Amino acid sequence: MLISTLSPERATRMNRFNSTVPDDEYLADSNVLFYLSDAVTQLLEHKEEYTQFGVIRYFAEYFSSVKNSNHVLFREYNYIRATPHNRASFIRVFWRCYRQIGKNGDLLSMLEYRSLLQLLCPDFPLEILQSAARIVLMDDAIDCLMSFSDFLYTFQLQFYYQEFLDSVLVIYQDLLAGKSPNTVIVPTSTSIEQLPSAAAEENDKEEEEEQQQDGVEPSTLAQCIDAFCDRFKHSYPPRSCMREVLEQFNKVSYYSFLMGLAKHETINQTIGALPSKAELLIDPEMDQELDKLIAQISVSPGSNSSGSAVGGLKEVQRKASPRRNIHHRRKMEVESDGSTEETDSSEN
């Protein structure tokens, strides 16, 4: 069960039955202690609620929700970004919840996507959305509308590899400033905190705009990134994929490089959260759930259709929440909106 919490790139080599892997290394890479600590914290905070079902059952259901990627829904941002498995799980939950937007062909703004994200994670920060929007729009006006698929794959790249991309931006800016490959300071994970603020970046944008359009030498950027990967402790895209993207350019800008990474199918498979773009709008399991919901709405006597839909969708959200699954068993409920229309029809 716990092997599924590993990042996809490490899951194959880090097997708990592999005696060549030291115990402490397995525990560190699988984040078992992180989840165990969170499970205990949640148990203590909701002791009266959880203990009536039994502590053993609580832990079984907690780790089952982690395995099934249902554990991130409605959790705080610091939790959903804490491990690669949590990040991939949140990306998948976002896709499954809002896939219909893509099927309808709707175009949304960055702030509208943020509103959708905050329904799943109330304190989700704006900065991640701004970075994803800049990738889609190639650093143009970030208030333009974006398709669901374009936003989703760039959001996946930005959110899953956030620390790495922030560091690559530092490398790129140093190369733009004219530093040679031998003098470029490869950032560590702690240097991310020293990145310029969004306001400072906006002030410098006009001065750097001309230079940004030209970009840097792909081979030079590849050399610096490769050296950085040797010491980077967080997740990063496969090096072969990054080289493949860079080889497509004579001169490469930061955002064109990231757009290439976002569209790369091997990187998408490495993260393991989303299907290929051809299958993005296909989800038989979710379609089956929606069909059941529609069937219940259609047979509900005296229910206003819009009110029933709201009630049904609320129930779908309840089913997806691991924290509620742990201590609640609910059957599907169909709620009405309480309009007088229903009362009038019943009287007649």
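Predicted model: local features only at pLDDT ≥ 70, side-chain atom pairs only at ≥ 80, totals over all residues.
Residues are numbered from 1 along each chain as its sequence is written, and side-chain values use heavy atoms, with hydrogens and water left out.

**A covered helix**

Let's start with helix α15, which spans residues 254–263 and is mostly covered. Nine of its ten residues are buried, where buried means under 20% relative accessible area, exposed means over 50%, and partly exposed is in between (1.4 Å probe, protein chains only). Helices here are DSSP runs of H or I with at least four residues, numbered from the N terminus. The buried residues of α15 include Tyr 254, Tyr 255, Phe 257, Leu 258 and Met 259. Ser 256, Gly 260, Leu 261 and Ala 262 are buried as well.

What do these buried residues of α15 pack against? Their partners are α9 (126–136), α10 (148–160), α11 (162–176), α13 (218–229), α14 (239–246) and α16 (265–271). Contact here means heavy atoms within 4.5 Å.

**Salt bridges**

The structure holds nine salt bridges. To count, a side-chain nitrogen of Lys or Arg has to be within 4 Å of a carboxyl oxygen of Asp or Glu.

| Pair | Closest N and O atoms |
|---|---|
| Arg 75 and Glu 76 | 3.3 Å |
| Asp 226 and Arg 239 | 2.8 Å |
| Arg 239 and Asp 230 | 2.9 Å |

Take Arg 75 and its partner. Arg 75 counts as buried at 3% relative accessibility, whereas Glu 76 is partly exposed at 36%. Both belong to a network of salt bridges that also links Asp 38.

Now for Arg 239, which forms salt bridges with Asp 226 and with Asp 230. Asp 226 lies in helix α13 and Arg 239 in helix α14, so this pair ties together parts that are 13 residues apart in sequence. Asp 226 is partly exposed, with a relative accessible area of 30%, and Arg 239 is partly exposed too, at 23%. Asp 230, by contrast, counts as exposed, with 57% relative accessibility.

**A buried asparagine**

Asn 268 sits in helix α16. Is Asn 268 buried or exposed? Its relative accessible area is 2%, so Asn 268 is buried. The Asn 268 side chain makes a polar contact with the side chain of Gln 156 at 3.1 Å. A polar contact is a pair of N or O atoms within 3.5 Å; within protein, one must be able to donate a hydrogen and the other to accept it, and residues adjacent in sequence count only if both atoms are side-chain atoms. Leaving aside residues up to four places away in sequence, Asn 268 touches Tyr 153, Gln 156, Ala 273, Leu 274, Pro 275 and Ser 276.

**Two positive phi angles**

Most residues other than glycine have a negative phi. Asn 31 is not a glycine, yet has a positive phi of about 60°. You'll find Asn 31 in the loop between α2 (23–30) and α3 (32–45), and at 18% relative accessibility Asn 31 counts as buried.

Phe 74 also has a positive phi, of about 70°, although it is not a glycine. Phe 74 is in the loop between α5 (55–67) and α6 (77–80) and is partly exposed, with a relative accessible area of 29%.
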